[in-house]
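Please look at the sequence and the model before reading on.

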Amino acid sequence: MTDKEDLADHVTLRDHEYDGIQEYDQKLPGWWLFTFYIAIAWFIVAWFANYQLPFTYTTDEDALAGQLALIEMRKNEELKTMLATLTDESVQEMSQDPTHVAAGKAIFETKCVACHGSDLSAKINGMQLPGVALNDAEWLYGGKPLEIMNTITNGSPDVTKGMIAWSSQLSPSEVAQTAAFILSNQPE
Amino acid sequence: MPAIRKPNLESLTSINPDGSRNFLHPADVEGKFTMWRRVFGAVLLAVYLLLPWIKIGGYPAVFLDIAERRFHFFGLTFLAEDLWIGFFLFTGLGFGLFYVTALFGRLWCGWTCPYTVFLEQIYRRIERLVDGDAMARRKLDAAKLSGEKIAKRSIKHGLYLLVSLFIAHIFISYFVSIPRLYQFIQQSPYENAKIFGVMLFLTGCLYFAFSWFREQFCIILCPYGRIQSALTDDDTIIIGYDEGRGEPRGKKSDPLAGDCVACNRCVQVCPTGIDIRNGLQLECIGCANCIDACNQVMDKTGRPRGLVRYDSLRGLEGKKTRYWRPRVALYTGFMCMGVAMLGLFLTGLHSAKIELVRMPGQPYYMDDNGVRNQYRLNLVTKQNQETRFKFTIPDLPEGAIVSGIEETVVLAAGEETMKTVLVQMPKDKYTGEFLFKIEVTVEPGDFTISDSAEFLGPSPYTLN
């Protein structure tokens, strides 16, 4: 137990003692108390602003949901305008445009080449690949530009065949470009 | 002029009995440790200042690119998903700090902590330059408001603010790089409101911390400071006073007195306001000011140096310090474990990434050609130049056809792509499921990385 005589002048020891532990009776630093008062003031202001006033503010979750909704809306809008203007003729026109064809080729080479082959013949070194040959005039699910786009977007109608729906990975315009590339490789 | 408060063990010198702040003005000190602390501080400040400017492998030496989620350290690039390696970095560093603390006490606080370095090597020097020595500063504090006081205060706080602004800008350059920072500086604050706000906040924090808060942080807030008592023991090297040699204090002429001449120099130079002769105290940041101060006095009185010195509590009692103790062994072990794991994972880290995953949909497809699996191959380059990926598949079962990765893939700097890969086994060659591996040789760098996947299919007996 600390002897009261040894203490500095201004320090007093409180009377209670537990398991030999005693407590000084000293003031907290002013700045420490100040942070405590600030917290109280902040609580009042925050409570008033959040629950008593009709203010609304966006949380990160709200902001994220808003951005996602915006992306979804833009996608839908793009789809809508594309569907409104898109005709077999317009996609056919895209297949004459080198920039669209080049963009479609790049997509084809990363996503489609594994099944349909780099020359669209669905063959590699003479071996048959699982895809359908795209460089002939035969079409399983329709050869019109919009029908091709439908197959790319929604996948093969026969789910056992393995062609997946690419709509989650390609935007409508990318699908159109891919279709344009395929059409540009059609025999005359 | 107010009297200097006499330090005691029961309360803080820097807090008055009524809770108000007693602003400390440590006196000037010269000596071996002060000199080396200056040199060391200058080196650390130079490192802090120069790291964003030095380029290694095309990126600043340390560049935490938050916007792109790419983190560059001395030529190594980490992606957000490499963050787990940080666990070993921080445990390694953490136990490294434990280790140093167990051996040498608060060596970190006095010599390397950025807080101390900024405070002692920059802000206190500005104060010394503008306001004069400790006596003059105390006098100025107590003086009534006058033209001179206003001028000195404005100059001092103006310089504080300038330095804080500068430190804050350098800090931000670690996250946005120097060229971008320069671009931001030239633009209107409204265009980069968030970063501008962060910069202002940082400047405010630095200004507050170093102009007013000072030692309060080390004594009351710093978590590392607060766990000292759990990390040190009687064999830890701390700064201490040799009571056996020094006591009883008295005049030099007094033949009964010890070596301490009660000049109080050690108290006057202390930045946290303690009397080191009261023993080891939680306020002590191990700055060694009192050692230099006492050594000077000992030199003058013709007595040997080291009345206040770096020693362990055991050493100060005249016994031998045990350096190798279970605590030290344990911390060494933990530190080595963290460092070894970090080293191991860093050598396995490459400037490119490959990832082979199954395509969504059916696990496998059957048709006349045989069994077929479809995969997605993700490729990432972390290099800042065009990168080429060349694929090989070792140990592929006979008859298997792989398509999609015949050609070399070329990615532009920092780009990533996704390829479709297809593996097909003819019916007559198919003997069951197997594991295969795609290896890719990456140029430039000429290293090989790989990822493996399972080829799934039906039981081969059901096929015929």
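## The interface of chains A and B

Across the interface of chain B and chain A, the rule finds zero salt bridges, a salt bridge being a side-chain nitrogen of Lys or Arg within 4 Å of a carboxyl oxygen of Asp or Glu. Six residue pairs between chain B and chain A are in polar contact, both residues being at pLDDT 80 or more. A polar contact is a pair of N or O atoms within 3.5 Å; within protein, one must be able to donate a hydrogen and the other to accept it, and residues adjacent in sequence count only if both atoms are side-chain atoms.

On the side of chain B that touches chain A, β14(B) gives the most, with seven residues. Helices (H or I, at least four residues) and strands (E, at least two) are DSSP runs, numbered from the N terminus. The residues of this side of chain B divide into 14 nonpolar, 12 polar and nine charged. Here Ala, Val, Leu, Ile, Met, Phe, Trp, Tyr, Cys and Pro count as nonpolar, Asp, Glu, Lys and Arg as charged, and the others, Gly among them, as polar.

## Basis of the model

This is a predicted model: local features need pLDDT of at least 70, side-chain atom pairs count only at pLDDT 80 or more, and totals for chains, interfaces and linings use all residues. Residues are numbered from 1 along each chain as its sequence is written, chains are lettered from A and ligands numbered from 1 in the order in which they are written, and side-chain values use heavy atoms, with hydrogens and water left out.

## Helix packing in chain B

Helix α4 (residues 114-131) and helix α5 (residues 134-142) of chain B pack at an angle of about 75°, with their axes 9 Å apart. Axes are lines fitted to C-alpha atoms, for helices over the stretch in contact, and angles run from 0 to 180 degrees between N-to-C directions. α4(B) and α5(B) are therefore roughly perpendicular to each other (65 to 115 degrees). The residues of their contact (heavy atoms within 4.5 Å) divide into two nonpolar, no polar and four charged.

The axes of helix α1 (residues 32-50) of chain B and α4(B) come within 10 Å and cross at roughly 105°. α1(B) and α4(B) are therefore also roughly perpendicular to each other. Their contact has six nonpolar, three polar and four charged residues.

## Salt bridges

Over all chains, the structure holds 28 salt bridges. E148(B) forms a salt bridge with K152(B), the closest N and O atoms being 3.3 Å apart.

Methods:
Angles under 35 degrees count as roughly parallel, over 145 as roughly antiparallel, 65 to 115 as roughly perpendicular and the rest as oblique.
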